[in-house]
Amino acid sequence: MTVRGSAESVEARLRTGRLRGPCCGGVLAPWGWARRRVVAMFTGPAEFCPRRSRCRGCGRTHVLLPADLWSRRRYGAAVIMAVLMLAAGAAAAGRAAARPWLAGRDGGRWQVPASTAWSWRSRFAGRAGALRQALTAVVPLADPVSRPFAPAGSPAGDCLAVLEAVTAGLARRFPALAAVTAHEVAAHLTGGCGWPRRRRREAQHDPARRGRRSAFVTAAGRPWSGDSGTYPAFPGGG
């Protein structure tokens with residue numbers, strides 16, 4: 001479950017019952033901590049120890065993942081998004097994609113490895129069409145005044161353009177989300193993954209989830225809450 005705000009803010013909301021789970025909508029209660037991890041950010045390596053919670057309704061546990069992170073990634077969401085944006089711009093201009101520079105522990109700088117950037121670009125490009133279609137369904141919820149999208153020169157670029165439109169629409173419609181970023185929106189709508197992932201095992205054990213489409217598509221049928229501290233709990237977003 002993706003949450004915004006500082007660790008202190010998340011802890012306060014969790015202890016006062018202001019967070020609800022994506023499972024059954026029940027109130028979340030503190031339930032220990034997730035594994036400590038070091039993530040590469042633009043400003044240098046950062047250590048995170050996400051809070052773990054337990055739903056008082058159904059008993060399921062959820063890791064409260066900061067919106068700056070995507071699940072199972074050693075790099076911050078902003079870094080991954082920068083790689084995708086640079087690739088989309090390079091494709092439109094017909095040149096090779098650049099890679100962003102990150103700060104190191106010793107004060108130096110280093111680039112995202114070429115193989116890592118290639119894997120992100122490849123995986124995203126393979127799903128860009130489906131993501132764009134699902135995001136287009138979310139646009140009217142974020143911004144009732146729909147605007148036409150100009151072709152970006154590639155499926156990945158078109159998808160990112162729609163994501164930016166959703167992000168801008170949320171900022172205009174909900175003042176509390178004025179500072180929300182595109183990678184935060186992507187993290188929430190995909191359950192912290194950045195792009196939809198298959199949940200075959202979970203679907204087998206939960207008949208209610210069988211045949212359910214990605215969190216992007218599910219999100220199109222739910223309103224945005226506008227809460228400044230956390231995103232609404234969309235089905236399939238845990």
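**View 1. Alanine 40 stands opposite proline 45 of strand β4.** In this predicted model, the pair belongs to the region where strand β3, covering residues 37–41, is joined by five bridges to strand β4, covering residues 44–48. The two strands run antiparallel, and together they form a hairpin in which two residues lie between them.

**View 2. Helix α5, residues 182–189, is mostly covered.** Just after α5 comes glycine 191, whose phi is positive, at about 70 degrees.

**View 3. Helix α4, residues 155–173, packs with α5 at an angle of about 100 degrees.** The axes of α4 and α5 are 9 Å apart, and because angles of 65 to 115 degrees count as roughly perpendicular, α4 is described as roughly perpendicular to α5. On the α4 side, the contact is made by Leu163, Glu164, Val166, Thr167 and Leu170, while α5 contributes Ala182, Val185 and Ala186. Six of the residues in this contact of α4 with α5 are nonpolar, one is polar and one is charged.

Methods:
Residues numbered from 1 in each chain as written. Predicted model: local features only at pLDDT ≥ 70, side-chain atom pairs only at ≥ 80, totals over all residues. Heavy atoms only, no water. Buried < 20%, exposed > 50% of the residue type's maximum accessible area, 1.4 Å probe, protein only. Helix = DSSP H or I, 4+ residues; strand = E, 2+ residues; numbered from the N terminus. Axes fitted to C-alpha atoms, helices over the stretch in contact; angles between N-to-C directions. Parallel < 35°, antiparallel > 145°, perpendicular 65-115°, else oblique. Contact = heavy atoms within 4.5 Å. Nonpolar A, V, L, I, M, F, W, Y, C, P; charged D, E, K, R; others polar. Pairing = 2+ DSSP bridges.
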